[in-house]
Amino acid sequence: MKLTHQDRILQYLKEYGSITSWEAIKEFGATRLSAVIYNLKKKGCKFDEEWVHTTNRYDEPVSFKKYIYVGGN
């Protein structure tokens, strides 16, 4: 059976506990992490979310969400 982005991301979350959009792109080529998280929530997964604040390569401030797996499914 071929695993989907959703399956792989859920496995990753269970192993590592959290994921960001950049990690999803690097690890899985998944560019729409928020859509995957939305679908996982519909299937009963629970998440906390936190904003990560850092700077980009131009030393400009950037923010992105980190999804923290709490349980379910």
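**Exercise 1. Determine which residues Ser 18 contacts beyond its neighbours within four places in sequence, and whether Ser 18 is buried or exposed.**

Solution. Contact means heavy atoms within 4.5 Å. With neighbours within four places in sequence left aside, the contacts of Ser 18 are Tyr 12, Leu 13, Glu 23, Lys 66, Tyr 67 and Ile 68. The model is predicted: local features need pLDDT of at least 70, side-chain atom pairs count only at pLDDT 80 or more, and totals for chains, interfaces and linings use all residues. Residues are numbered from 1 along each chain as its sequence is written, and side-chain values use heavy atoms, leaving out hydrogens and water.

Next, locate the residue: Ser 18 belongs to strand β1 (residues 18–20). Helices (H or I, at least four residues) and strands (E, at least two) are DSSP runs, numbered from the N terminus. Finally, buried means under 20% relative accessible area, exposed over 50%, and partly exposed in between (1.4 Å probe, protein chains only). Ser 18 has 15% relative accessibility and therefore counts as buried.

**Exercise 2. Describe how helix α1 (residues 5–16) and helix α3 (residues 33–42) cross.**

Solution. Axes are lines fitted to C-alpha atoms, for helices over the stretch in contact, and angles run from 0 to 180 degrees between N-to-C directions. The two axes come within 10 Å and cross at roughly 80°. Angles under 35 degrees count as roughly parallel, over 145 as roughly antiparallel, 65 to 115 as roughly perpendicular and the rest as oblique. Therefore α1 and α3 are roughly perpendicular to each other.

The contact is made by Gln 6, Ile 9, Leu 10 and Leu 13 of α1 with Leu 33, Val 36, Ile 37, Asn 39 and Leu 40 of α3.

**Exercise 3. State the strand order of the open sheet and identify its edge strands.**

Solution. Two strands pair if DSSP finds at least two bridges between them. The sheet has three strands in the order β1-β3-β2, with antiparallel pairing. Its edge strands are β1 and β2 (46–55), each of which pairs on one side only. From one strand to the next, the twist averages 25°.

Opposite Tyr 67 in β3 stands Glu 49.
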